[in-house]
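Look at the sequence and the structure shown here.

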Amino acid sequence: MARITSDKAASGVTGNLLASDTTGAAATMAAPFGHALVQVAERNPRVLGLTADLGKYTDLHVFAERFPERFLQIGMAEQNLIGVAAGLARTGFTPFATTYCVFATRRAYDFIAIGAALGKANVKIIAGLPGLTTGYGGTHQGIEDLALMRSVPNLVVIDPCDATEIAQVVPAIAAYEGPVYMRLLRGQVPVVLDPAGYRFEIGKARLLHEGADVALLSTGLMTGRALEARNLLAREKIQAAVLHVSTLKPFDREGVLNLLGRVKAVVTAENHVITGGLASAVADAVADAGLSIRLKRVGIPDCFCESGSIPYLVKRYHLDADSIAAAARSVLP
């Protein structure tokens with residue numbers, strides 16, 4: 001079982017690769033992915049863990065310590081990582097393959113598309129350092145991975161909010177028969193969603209709060225910031241709904257359109273470039289349905305981002321709660 005601790009310290013170290021940003025978190029959970037995978041593997045002997053020399057930095061070391069005979073260290077060879085995982089899936093295993101999302105999606109894109117997705121191989125790709133969760137600049141910041149993965153047929157794409165959701169996603173995707181791409185928050189991961197009340201389901205968005213004035217649609221860690229923005233807006237008597245869209249594919253059009261049918265001022269928030277991810281999925285759904293809304297996109301602009309501390313980068317690229325609240329004000333009639 002992962003340990004929950006109090007953690008109010010800011011993570012301001014430039015290029016911190018070792019932990020998720022815990023700035024402002026009231027509580028964190030240690031290595032939720034690794035502990036959840038161990039629990040799944042204890043029930044399912046076909047579950048394997050693979051990594052491209054990043055076991056420690058994707059929390060897979062927890063699995064390796066518990067199941068060394070089911071752990072495969074592929075080395076710095078991401079194409080081989082996906083190829084080996086796909087081959088193991090063809091023989092009846094359920095491989096979880098971990099690396100950083102920039103290495104999986106940029107270096108092994110063809111292997112994901114053809115080796116895993118084309119034949120619906122039962123491969124689970126777990127991708128660390130999504131978006132601006134590292135300060136190491138364009139070589140390590142996976143800012144366009146959701147756009148790339150959403151474009152691949154047959155591939156489920158998930159961006160969990162926090163430790164609570166990661167712990168629920170892992171058994172869900174292990175039970176799902178087919179290829180999955182999941183963004184990973186690792187190390188000390190904030191607890192945002194209530195473990196007793198939240199339930200993850202592949203392909204379903206969750207309405208966390210109702211609100212008649214503006215709808216905040218968020219994915220991944222941006223949901224925590226959307227909830228903060230909701231509180232800021234409430235002080236101004238602005239009622240904001242918060243819809244958490246953790247599955248980017250299959251996209252919950254019904255859930256999104258149900259909310260946007262009654263709340264016409266909309267903000268999307270994602271830890272990703274504003275093209276090809278959540279904002280694009282929402283815009284597509286709205287256009288197909290013929291709805292008329294006022295939409296503001298919060299996300300990374302069309303650029304490679306600077307190096308720097310996570311708090312600096314979040315402010316620099318307007319991914320903080322204040323920026324979400326400002327975007328909400330801008331779309332109000």
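Strand 14 (residues 265-273) runs parallel to strand 15, and six bridges pair the two. Within this part of the model, which is predicted, Ala265 lies opposite Arg294 of strand 15.

**The sheet and its helix**
- The two strands belong to an open sheet of five strands with mixed pairing, in the order 10-12-11-14-15.
- At the edges are strand 10 (206-209) and strand 15 (294-300), each of which pairs on one side only.
- On average, neighbouring strands in this sheet are turned by 25° against each other, direction ignored.
- Helix 9 (residues 253-260) packs on the sheet and touches strand 10, strand 11 (214-218), strand 12 (240-244) and strand 14.
- The direction of helix 9 makes about 160° with that of strand 11.

**Asp59**
- Asp59 sits in the loop that lies between strand 3 (47-51) and helix 2 (61-66).
- Asp59 has a relative accessible area of 1%, so Asp59 is buried.
- Its side chain reaches the backbone nitrogen of Gly187 at 3.0 Å.
- Leaving aside residues up to four places away in sequence, Asp59 touches Ala31, Pro32, Phe33, Gly34, Arg186 and Gly187.

**Cysteines**
- A disulfide is a covalent bond between the sulfur atoms of two cysteines.
- How many disulfides does the structure hold? It holds zero.
- The cysteine sulfur closest to that of Cys303 is in Cys305, at 4.5 Å, which is too far for a bond, because a disulfide needs the two sulfur atoms within 2.5 Å.
- Cys303 is partly exposed, with a relative accessible area of 29%, whereas Cys305 is buried at 7%.

Terms used
Residues numbered from 1 in each chain as written. Predicted model: local features only at pLDDT ≥ 70, side-chain atom pairs only at ≥ 80, totals over all residues. Heavy atoms only, no water. Buried < 20%, exposed > 50% of the residue type's maximum accessible area, 1.4 Å probe, protein only. Helix = DSSP H or I, 4+ residues; strand = E, 2+ residues; numbered from the N terminus. Polar contact = N/O pair within 3.5 Å; in protein donor to acceptor, adjacent residues only side chain to side chain. Contact = heavy atoms within 4.5 Å. Pairing = 2+ DSSP bridges. Axes fitted to C-alpha atoms, helices over the stretch in contact; angles between N-to-C directions.
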